[in-house]
Amino acid sequence: MELTVWRTFVTVCRLGSLSAAAAELNHTQSAVSRQIAGLERQLGVPLVERHARGVRPTPAGEVFRHHAVATLNEADRAVRAVRDARDGAFNRPLAVGATPSLAAGIVPEAIRGLLERAGSIRWNLLPGLSGQLHNRVIAGDLDIAVVTDAPPGLPHDLRVERRFLGLDDMVVALPVGHPQAGRGPVHMQTLADQTWVEDNDGSAALLRQHAARAGVSARIDLTAADLVGKLALAATGHAIALIPGVLTGALRTGVTTMSLVDPPTRGIYAITPRRDPHPSAAPLFDQLATAFASVRPTRTPHPPTEKDALAR
């Protein structure tokens, strides 16, 4: 089987459309259809099925897609390794992933520290939510990702190495003119009548859990598309928001923060693939630990246990 056909199949599954895959691969739609049909004949089983909005893998197709992605990633790594050996130097850019709050502060600071000590390194920074970043590390798209165990938590996956950076206390973001501005730490009961805004399910779950422990409920009446929008709604007085403590130093004008009594916390981790690690990933972890400690000193010397996570 040719890997080109495998790439076509994986692209069709990712985009859910033969025409979209053809456009991305610079093929005709009929050429893509022929490649998929030929692959199905070789395997003796249908791999995709049509639905109202395009195509999706069959159960057998999903099994094949999983292995095809792993094979293609390994092939790409083999090509990179040969090119690196040919050039006599390790040329692969360091691909770094981070959640939005971490990409706004400690990760760029850590990369600056890495460059100061290691000299010129090609690198790129890709933001995303923790689950997305974990999958991209597995897929080989990222060499290191800085993620959190906020709900729904991090999967236990033997294909990645997870290293604990510390615990981050969540804080409340509110406009500078808010009656509660400048106070704190406050009990959650004090904020029971406030309107809250959230931008993702994980942060919303932390807020609801904290409110439930205090015997109140949080009125999440507004939803933002992302962290930037969430802070904009807080700055303009539409709502208050639960945000990561590591973000405090990178807040926009018009927003201040207030601490909570017994605040919700989230563990911060760096994850790397166990196979084919980038040589700059380990030095970057050391810089991440330094950057994290400088803004949010770790309150516990060990990673939170599964029982701790459930308690949060």
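I began with E116, which is exposed, with a relative accessible area of 52%. For this entry, exposed means over 50% relative accessible area, buried means under 20%, and partly exposed lies in between (1.4 Å probe, protein chains only).

The model is predicted: local features need pLDDT of at least 70, side-chain atom pairs count only at pLDDT 80 or more, and totals for chains, interfaces and linings use all residues. Residues are numbered from 1 along each chain as its sequence is written, and side-chain values use heavy atoms, with hydrogens and water left out.

**Salt bridges**

I took a salt bridge as a side-chain nitrogen of Lys or Arg within 4 Å of a carboxyl oxygen of Asp or Glu. The structure holds 14 of them.

I looked up the partner of E116 and found R117, with the closest N and O atoms 3.7 Å apart. R117 is exposed too, at 60% relative accessibility.

Next I checked R159. Its salt bridge is with D157, and the closest N and O atoms are 2.9 Å apart. R159 is partly exposed at 44%, whereas D157 counts as buried at 17%. I also noted a network: salt bridges with shared partners join E109, R112, E116 and R117.

Then I turned to E74 and R275, whose side chains meet in a salt bridge at 3.6 Å, N to O. This pair links distant parts of the chain, 201 residues apart: E74 is in helix α4 (residues 59-87), and R275 is in the loop between β11 (265-273) and α10 (281-295). Helices (H or I, at least four residues) and strands (E, at least two) are DSSP runs, numbered from the N terminus. E74 is partly exposed at 31%; R275 is exposed at 58%.

**Nonpolar cores**

Which residues touch the most other members of the largest nonpolar core? I found L102, V107, I144, V146, L284 and L288, out of 23 residues. Such a core is a set of buried Ala, Val, Leu, Ile, Met, Phe, Trp, Tyr and Cys residues joined through side-chain atoms within 4.5 Å. Helix α10 gives the largest share, 6 residues.

A second, separate core has 19 residues, among them A21, L39, L47 and V55.

**A hairpin**

Last, I looked at β1 (residues 48-51) and β2 (residues 54-57). They run antiparallel, joined by 4 bridges; strands pair if DSSP finds at least two bridges between them. The two form a hairpin with 2 residues between them. H51 has G54 of β2 as its bridge partner.
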